[in-house]
Amino acid sequence: MNAKASEIQALLSQSQWHDERLMLRALALSCDLTESVKWGKLCYSFVNGNVAMIFGMKAYCALGFFKGSLLKDPENILVAPGEHSQAMRQVRFSKAQEIDAVASTLKAYLHEAIELEKTGTRVDFNEKHELTYPQEFQSILEGNAALKVAFEALTPGRQRGYILHFSGAKQASTRTSRIEKCIPSILAGKGINGR
């Protein structure tokens, strides 16, 4: 067994969400998608584009679509995995019977996602670049030229991560505290998670 097959088998043999994983996998493979393991999850791609991924979480198992925000979703079953998710959408399940009930819909969504890859359709990430800086951060940047240069040198994703972290605080004092704690990481060119 090669390394790829071994990784796939390890995920499929997990007891939590075992039946659900097998059912979702069968659906993905029936659409002629290529199976691999990426980010520790079963991933399905068409040519070189990621189409879908199977998530085994604590409270649910999900089929995630990388460009799910572009899918039509007439059944209204897609959910964003987080409040700031721009592209990924998931269909969540708590038992295998729920997958059976929407299997034909999932297959149709997979085919639509494959078409998006075939046509080269991309998700518009403009929201990522349209950041609203909290006033506290604006003030600190205006008084610290080195910090401003370092922040502007970060990738858009890293900038977004910081802005979302700072903006997530409800009180000005908490925002300021978060900003001050992150200054060394920003100056070091690292993202919010230290990478």
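Q: Where is D32 found?
A: D32 is found in the loop between α2 and β1, where helices (H or I, at least four residues) and strands (E, at least two) are DSSP runs, numbered from the N terminus. This is a predicted model, in which local features need pLDDT of at least 70 and side-chain atom pairs count only at pLDDT 80 or more, while totals for chains, interfaces and linings use all residues. Residues are numbered from 1 along each chain as its sequence is written, and side-chain values use heavy atoms, with hydrogens and water left out.

Q: Is D32 exposed or buried?
A: D32 counts as exposed because its relative accessibility is 64%; buried means under 20% relative accessible area, exposed over 50%, and partly exposed in between, with a 1.4 Å probe and protein chains only.

Q: And what phi does D32 have?
A: D32 has a positive phi of about 60 degrees, although D32 is not a glycine.

Q: What about N76, where does that lie?
A: N76 lies in the loop between β4 and β5. Its phi is also positive, at about 55 degrees, although N76 is not a glycine, and N76 counts as exposed because its relative accessible area is 64%.

Q: Let's step back, how many helices and strands does the chain have?
A: The chain has eight helices and five strands. Read from the N terminus on, the elements run α-α-β-β-β-β-β-α-α-α-α-α-α.

Q: What does the C-alpha trace span, and how much of the chain is buried?
A: The C-alpha trace spans about 60 × 35 × 30 Å along its principal axes, and 38% of the 195 residues count as buried.

Q: What order do the strands of the sheet have?
A: The five strands form an open sheet in the order β1-β2-β3-β4-β5, with antiparallel pairing, and two strands are said to pair if DSSP finds at least two bridges between them. The edge strands are β1 (34-38) and β5 (89-93), each of which pairs on one side only. From one strand to the next, the twist averages 25 degrees.

Q: Which helices pack on the sheet?
A: Helix α1 (residues 3-12) packs on the sheet and touches β1 and β2, with its direction at about 80 degrees to that of β1. Helix α2 (residues 18-29) packs on the sheet too, touching β1, β2, β3, β4 (61-65) and β5, and its direction makes about 25 degrees with that of β4. For these angles, axes are lines fitted to C-alpha atoms, for helices over the stretch in contact, and the angles run from 0 to 180 degrees between N-to-C directions; contact means heavy atoms within 4.5 Å.

Q: Over how many bridges do β1 and β2 pair?
A: β1 and β2 pair over five bridges in the antiparallel sense. In β2, the bridge partner of T34 is S45, and that of E35 is Y44. The hairpin of β1 and β2 has two residues between the strands, and in this hairpin W39 takes a positive phi near 55 degrees.

Q: And how do β2 and β3 pair?
A: Strand β2 (residues 41-46) and strand β3 (residues 49-56) pair over five bridges, again in the antiparallel sense. The bridge partner of F46 in β3 is G49, and S45 stands opposite N50 in β3. In this hairpin, which has two residues between the strands, V47 takes a positive phi near 55 degrees.

Q: What holds paired strands of a sheet together, in general?
A: Strands of a sheet pair through backbone hydrogen bonds, either parallel or antiparallel.

Q: Switching to M53, which strand does that lie in, and is M53 buried or exposed?
A: M53 lies in strand β3, and M53 counts as buried because its relative accessibility is 4%.

Q: Which residues is M53 in contact with?
A: Leaving aside neighbours within four places in sequence, M53 is in contact with K38, W39, K41, L42, C43, A62, L63, G64 and F66.

Q: How far apart are M53 and S6?
A: M53 and S6 are 47 residues apart in sequence, and C-alpha to C-alpha they are 18 Å apart in space.

Q: Last one, what share of the contacts in the chain do residues 24 or more positions apart account for?
A: Among contacts with a separation of 6 or more, residues 24 or more positions apart account for 58%.
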